[in-house]
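Q: I'd like to learn how to read a structure like this one. Could you show it to me and walk me through a few features?

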Amino acid sequence: MKDKNFAFDYTKKIKDRIIGLGADLVGIADVKPLKELKVDPPDLLEPFNRAVSIAIKLPQAVFEQISDRPTPIYKSIYQTANLTLDQIAFRTAMALQDDGHYSLPIPASQVLDEENWYAAISHKAVARTAGLGWQGKNLLLITPKYGSRVRLVTVLTKAPLDVDGPIKNRCGKCSACQDACPAQAIKGVNTETHYKSRNEAMYFSRCKEKVVGEFAKIPEVGVPICGICIKVCPFGR
Ligand code: B12
């Protein structure tokens, strides 16, 4: 009973602290179901039993400016959001470590395999498992309050934190992202849990060619971003 109360109080204390660092959403995932994921290095998850998922929202106005391609301002906001998340994750991991809990912040946007486009771990999978939102038809995490207008980061930890559970998919019959995708990449398939592969939700090569092959080559953009399926999603508008 004492341990149960301690975990409850400590989880609340850590979540409040992370919100105090500037996060908008925070949830705790059990690491066990995440062991199905391809991670880099392959033993990344071994020392940990919890994954803290952290999201920050993005300014509404930047999406209003996007019509058929990412804007230079969106590029700058993308970079600032990544930096902000990396700082929040770093400070969270250090706070957990100071309390005696082995912890590792995972970078917000670091690509480790540029051929197959994989990171150390999928922040969306962690966020979904931690109950921040569901995996939408656009393959992104959709949160009830901000839609996909969030960026994500993860802190792996051994801290005794209470876990949150996944929430129900609310995409329903909506096809706004499928209709608006400039690459016609989104298949419009729903999932009650998560897609088994990227190709189950989308023609992944079309998305990649548009974002990496075209948008990242716009001189004042220079990074693989798009923003259109985020903009048109009714959640967060
Ligand atoms: C490489 C990368 C890209 C590549 C490849 C994208 C991709 N879908 O893999 C490219 C350059 C194309 C890209 C494009 C974009 N990206 Co990107 N990208 C990444 C990065 C760095 C790694 C992704 C990765 O490892 N993918 C591997 C695949 C297999 O995983 P996945 O896409 O997450 O999908 C699988 C899992 O999520 C799994 N899953 C979901 N829940 C669960 C639960 C369990 C238990 C399990 C086992 C599995 C599981 O189901 C999916 C199918 O296997 C992440 C940051 C990160 N570390 O996560 C950002 C990230 C995914 N990108 C992001 C964004 C926003 C975009 C863009 C919209 C561009 C933009 N900023 O405008 C587009 C949209 C593409 C799309 N619709 O998917 C955000 C998503 C935020 C959100 N709200 O969901 C992330 C999380 C960055 C961040 N820090 O916020 N990206």
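Q: How many salt bridges does the count come to?

A: Side chains of opposite charge can pair when their charged atoms come close. A salt bridge here is a side-chain nitrogen of Lys or Arg within 4 Å of a carboxyl oxygen of Asp or Glu, and by this rule the count comes to nine. Before we go on: this is a predicted model, where local features need pLDDT of at least 70 and side-chain atom pairs count only at pLDDT 80 or more, while totals for chains, interfaces and linings use all residues. Residues are numbered from 1 along each chain as its sequence is written, and side-chain values use heavy atoms, with hydrogens and water left out.

Q: Which residue forms a salt bridge with Asp99?

A: That's Lys13, with the closest N and O atoms 3.8 Å apart. The pair links distant parts of the chain, 86 residues apart: Asp99 is in the loop between α3 (72–98) and β3 (103–106), and Lys13 is in helix α1. Helices (H or I, at least four residues) and strands (E, at least two) are DSSP runs, numbered from the N terminus.

Q: Is Tyr10 buried or exposed?

A: Buried means under 20% relative accessible area, exposed over 50%, and partly exposed in between (1.4 Å probe, protein chains only). Tyr10 has a relative accessible area of 5%, so this residue is buried. Tyr10 lies in helix α1 (residues 2–20). Contact means heavy atoms within 4.5 Å; leaving out residues up to four places away in sequence, Tyr10 touches several residues, including Asp99 and Pro160. Tyr10 and Pro160 are 150 residues apart in sequence, yet 7.9 Å apart in space, C-alpha to C-alpha.

Q: How many residues surround the ligand?

A: A residue is near a molecule if one of its heavy atoms lies within 4 Å of it. Here 39 residues surround the ligand, with Tyr74 and Leu141 among the closest. The largest share of the shell, five residues, comes from α4. As for polar backbone atoms, one of Leu141 is 2.7 Å from an oxygen atom of the ligand.

Note on methods:
A polar contact is a pair of N or O atoms within 3.5 Å; within protein, one must be able to donate a hydrogen and the other to accept it, and residues adjacent in sequence count only if both atoms are side-chain atoms.
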